[in-house]
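Dear colleague,

Please find below the structure that I am handing over to you. My notes on it follow directly after.

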Amino acid sequence: MKHVGHFIKAQSLEEFGISGEGTIHWNLSTPELYTAALTRNEGKLIHLGPLAVDTGKYTGRSPSDKFVVKDAQSENRVDWGKVNQPMTPGHFAQLQKDMLEHTKGKTLYIQDVFVGTHPKFRVPVRVITEFAWHNLFVRNMFVRPTRRAQEKHEPVYTIIDLPSFKADPAKHGTRTDTVIALNVSEKLVLIGATEYAGEMKKSAFSLMNYELPARDVMPMHCSANVGPDNEVAVFFGLSGTGKTTLSATNDRTLIGDDEHGWSDEGVFNFEGGCYAKIEHLNAQAEPEIYQTTRRFGSILENVVLDPETMHVNLDDTSKTQNTRAAYPISHISNASPVGYAGHPSNIIFLTADAFGVLPPIAKLSKEQAMYYFLSGYTAKLAGTERGVNEPKATFSACFGSPFMPLKPVVYGELLVKKIQEHTTDVWLVNTGWTGGPYGTGQRMPIAYTRAIINSALEHRLDKVTFDSNNLFGLAIPETCPGVPAEVLNPRNTWQDKAAYDAQALNVAKMFVENFKAFEAEVSDNVKQSGPRLEPVA
């Protein structure tokens, strides 16, 4: 096997089981990976320098094809079920053997990186990919070591990503030929038969979510930024709810856009890059993210191009509504150079309510924080997963259930503990619909959402009057700078008040039904902090 590149450790790789007549490229730079991807026809160089790629038939994650190995270490810790499907050690061993055999004679690309920006909590990872552009994705999304650190890099986790490998359900215990298999004991991830690069990112996140609670670190599916006053804000939410957009503002320093840990030293980013949804991206509304789609080093997934000018059309979603840009966080002009800061003063739960019944902002008690964190209510937006073509109401515990190996209450209790320790304010913010449900109402104007969040972060809501006389018992501010008063109470935005009441009662019942899964594990105060299940006049 031929080894080329930087900081080569061929012996350790061959001991791992990868050998043969192929070529291994180690830690190539961004220009080198561009050259490889273009030479191999994996992508196209487009106007102003980004690399445009297609991810094949899978333009989103494949959650039904994700498995966790069930063994002595994981059996009593993992929350087994639809999200964390068990795979036997025997099936994983056979899968690993067959995937390593599949690498023989192939050209492979390796990046040695870190997950985690904070030196005390970062984890060294080795990612082995079949595609050059997948290796560039890894280089963009994970934390790049310094030259000195890379020379000493000893991986704790390994991710092997082979889109051309197809699993055999009978032989490997999978559902289809696509597989994402996590072995937390061996700290190994195997990915096959999908070209969607986001599987690598979320697999690393899942491993961190398994490891960190034991170190009293709260892993969070969130974005985070810090203001000029050094006050940190954390934004929880599923993909498409606004984590990236709302945290990337020119008046606050971006810590990260998607995955963080909250340790006894503060908040730190897991990643070294951003993975932003870019369909219908607007230069005026989202200038920081928009400019990343026009820079060398960025990867644009599944976008439509003008074949003559090679300009990208971000309004054309004919390929998928999950068009994305993967870029190093340094592409954001005001990103933190270190990727960590202090403890959060404010936590914001972002939800895209497709039914249009939740307020644009509400302040939560610590019991409500636990309730709504465990509920994780939002709309699953089109394109984020295969088969989702329009917004659909969903409950995703911890605002990230697909990536949480442990029981949700473990994360919830850790979050509330830290909220209490640091007197953090918690807010529920609806970035979804107002004036009616999806199809009738309109999406909450981003200008209103920004004004609402700025008011919360700048303490301009500290002295306003709040009204809790609603079905959900949520404390809704009666006034907010920059937002019409009638918008703050969702019932006022509906022409048909009876229709609102009926819709709100329906959503409230959904909350109560969903929360039954947690009732045995939480206090009575938490159970009673949910909807009241009675219409409010």
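This is a predicted model: local features need pLDDT of at least 70, side-chain atom pairs count only at pLDDT 80 or more; totals for chains, interfaces and linings use all residues.

Residues are numbered from 1 along each chain as its sequence is written, and side-chain values use heavy atoms, with hydrogens and water left out.

With a salt bridge taken as a side-chain nitrogen of Lys or Arg within 4 Å of a carboxyl oxygen of Asp or Glu, the count is 24. In one of them, Glu259 pairs with Lys201, the closest N and O atoms being 3.4 Å apart. Glu259 lies in strand 15 and Lys201 in helix 7, so this pair ties together parts that are 58 residues apart in sequence (helices are DSSP runs of H or I, at least four residues, and strands runs of E, at least two, numbered from the N terminus). Both Glu259 and Lys201 are buried, that is, under 20% relative accessible area with a 1.4 Å probe and protein chains only. Glu259 and Lys201 also belong to a salt-bridge network with Lys202, Lys243, Asp258 and Glu271.

Helix 10 (residues 366–375) and helix 11 (residues 408–421) pack at about 150°, their axes 10 Å apart; axes are lines fitted to C-alpha atoms over the stretch in contact, and angles run from 0 to 180 degrees between N-to-C directions. The two helices are therefore roughly antiparallel (over 145 degrees).

Kind regards

Notes. Angles under 35 degrees count as roughly parallel, over 145 as roughly antiparallel, 65 to 115 as roughly perpendicular and the rest as oblique. Buried means under 20% relative accessible area, exposed over 50%, partly exposed in between (1.4 Å probe, protein chains only).
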